[in-house]
Amino acid sequence: MGHVIRHTSVEDTETARMRFCEDYAEEYNYESDGGGGCTPEAEYRSIDWRRHLVFDSYDKADEYLNQFDGRYVDVAVLYADTSNVEPVPSRLKTIDARLGKARDRWEKAVDAANPVKDGKTFHTCPYCKSRISLKHLSLTVSFYAPDGTRREIHSQCPVCRHTLLSETACKRIDTAAENMRGIVKDRNRLFEEARAKAADKAPRVWLVKTEYHC
Ligand SMILES: [Zn+2]
């Protein structure tokens, strides 16, 4: 309910019509209030299909359509759908191996920072001086690697909530993350290059921007 702005990918105008009418009828509650005099079909007919505009990626088409958001103008453009295109397998394999090693290093750095270690059951918080039983630590902190890998460790004092991580340990995690970030960037670039190359022959898909109040 409210102000709806959609950017929807559809393969053809018939699918677009069906999807639009279904969404519109559902959100407008068309069945019960009659749609305020405006039928889904009539709303659909107001879409400006700009066949001459073909973008070489979804992102570029999406960015173009952003300018119409909030203006109640419904516009559709075409883009080359390269979402299934992947880089040359050997190059992808090489970079994935590099990323895997970097991820291992990051995970090891996070694990090494964990104050809960073998043989150590108590820890004195350097801030509030509480003696904490590491066995019963329930507060966890999540770490996210640049590729989305998540790791949770007990690293918060349950009394003062200060982090129990040492500065050195944090620096090691940062360095490992920075290393990963570079590889993730290289990997994304590989995909971008492969997709840009394949754009000419890729199937054309409509991106339809629609907007209405319901
Ligand atoms: Zn504390």
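Trainee: Leaving aside its neighbours within four places in sequence, which residues is Leu 165 in contact with?

Mentor: Leu 165 is in contact with Ala 113, Ser 155 and Cys 170. Contact is defined by C-beta atoms, placed from the backbone, that lie within 7 Å. Before we continue, please note that this is a predicted model, in which local features need pLDDT of at least 70, side-chain atom pairs count only at pLDDT 80 or more, and totals for chains, interfaces and linings use all residues. Residues are numbered from 1 along each chain as its sequence is written.

Trainee: Where does Leu 165 lie?

Mentor: Leu 165 is in the loop between β7 and α6. Helices (H or I, at least four residues) and strands (E, at least two) are DSSP runs, numbered from the N terminus. The C-alpha atoms of Leu 165 and His 154 are separated by 9.4 Å, and the two residues are 11 residues apart along the chain.

Trainee: And why is Leu 165 classed as partly exposed?

Mentor: Because 18 other C-beta atoms lie within 10 Å, Leu 165 is partly exposed. A residue is buried if 20 or more other C-beta atoms lie within 10 Å of its own, exposed if 12 or fewer, and partly exposed in between, with C-beta atoms placed from the backbone.

Trainee: Ala 113 was among those contacts. Which residues of α5 are buried?

Mentor: Ala 113 is buried in α5, as are Ala 102, Trp 106, Ala 109 and Val 110. The cover over the buried residues of α5 includes β6 (141-144), β7 (150-153) and α6 (167-198).

Trainee: How many residues does α5 have, and what does it reach from its first C-alpha to its last?

Mentor: Helix α5 (residues 89-113) has 25 residues and reaches 36 Å, close to the 36 Å expected at 1.5 Å a residue. The expected span is 1.5 Å times one less than the number of residues.

Trainee: How do β6 and β7 run?

Mentor: β6 and β7 run antiparallel and are joined by 4 bridges; two strands pair if DSSP finds at least two bridges between them. Val 141 stands opposite Ile 153 in β7. The two strands form a hairpin with 5 residues between them, and Gly 148 in the turn has a positive phi of about 95°.

Trainee: Which other residues have a positive phi?

Mentor: Among them is Tyr 72, with phi near 55°. Tyr 72 is in the loop between α4 and β3. Lys 129 has phi near 65° and is placed in the loop between β4 (122-124) and β5 (131-133). Most residues other than glycine have a negative phi.

Trainee: Changing topic, which residues make up the largest nonpolar core?

Mentor: That core has 11 residues: Ala 16, Phe 20, Ala 61, Leu 65, Ala 76, Val 77, Tyr 79, Ala 80, Trp 206, Leu 207 and Val 208. A nonpolar core is a set of buried Ala, Val, Leu, Ile, Met, Phe, Trp, Tyr and Cys residues joined through C-beta atoms within 7 Å. Two or more of the core residues come from each of α1 (13-28), α4 (58-66), β3 (75-80) and β8 (204-213). The most is given by β3, with 4 residues. A second, separate core of 9 residues includes Ala 109, Ala 113, Ala 145 and Met 180.

Trainee: What is the order of the strands in the open sheet?

Mentor: The 4 strands follow the order β1-β8-β3-β2, with mixed pairing. At the edges are β1 (3-10) and β2 (48-55), each of which pairs on one side only. The twist averages 20° from one strand to the next. β3 and β8 pair in the antiparallel sense over 6 bridges, and Val 75 has Lys 209 in β8 as its bridge partner.

Trainee: Finally, what does the domain assignment give?

Mentor: The assignment gives domain 1 (3-83 + 202-213) and domain 2 (89-195); such bounds come from an automatic or database domain assignment. The C-alpha centres of domain 1 and domain 2 lie 42 Å apart.

Methods:
Two residues are in contact if their C-beta atoms, placed from the backbone, lie within 7 Å. Axes are lines fitted to C-alpha atoms, for helices over the stretch in contact, and angles run from 0 to 180 degrees between N-to-C directions.
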